[in-house]
Amino acid sequence: MAKTKNKVIILLLVVVLMVIVPLFALKGAEFGGSDDAGSQAISEITGEEYEPWATPILETLIGGELPGETESLLFCVQTAIGVGIIAFFMGRFVERTKKEKLESNNIN
């Protein structure tokens, strides 16, 4: 039990360090979206203004860009769905392992 407790404490410390260290190591850094960075890189390489091949479906339906809050909401919903799926399968694996251990103990 103490061994597991020590592992949890160490992992929590690692997570906290992963959150705090970049805050101090990256002072003054600017974070932007990958879409903007990609279009800027293409413009620098070709020397021409980048024009997208297609427009997003939702933007064509509403006739303009989505508000930032809506984009954030959709991103959060997508993330929640993905986390839910991962958590479901992780739970299944844990329960399967418990069931297998219980069955192997009952056989012995």
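User: Where does F88 lie?
Analyst: F88 lies in helix α4, which covers residues 68-107; helices here are DSSP runs of H or I with at least four residues, strands are E runs of at least two, and both are numbered from the N terminus. This is a predicted model, in which local features need pLDDT of at least 70 and side-chain atom pairs count only at pLDDT 80 or more, while totals for chains, interfaces and linings use all residues. Residues are numbered from 1 along each chain as its sequence is written, and side-chain values use heavy atoms, with hydrogens and water left out.

User: ok, and is F88 buried, partly exposed or exposed?
Analyst: F88 counts as partly exposed because its relative accessibility is 46%, given that buried means under 20% relative accessible area, exposed over 50% and partly exposed in between (1.4 Å probe, protein chains only).

User: What about G63, where's its place?
Analyst: G63 sits in the loop between α3 (57-62) and α4, and G63 counts as exposed because its relative accessibility is 67%.

User: How far is G63 from S34?
Analyst: Their C-alpha atoms are separated by 23 Å, and the two residues are 29 residues apart along the chain.

User: Switching topic: how many helices and strands does the chain have?
Analyst: The chain has four helices and zero strands, and its elements run α-α-α-α from the N terminus on.

User: How much of the chain counts as buried?
Analyst: Of its 108 residues, 2% count as buried.

User: And what box do the C-alpha atoms fill?
Analyst: Taken along the principal axes, the box is roughly 70 × 40 × 30 Å.
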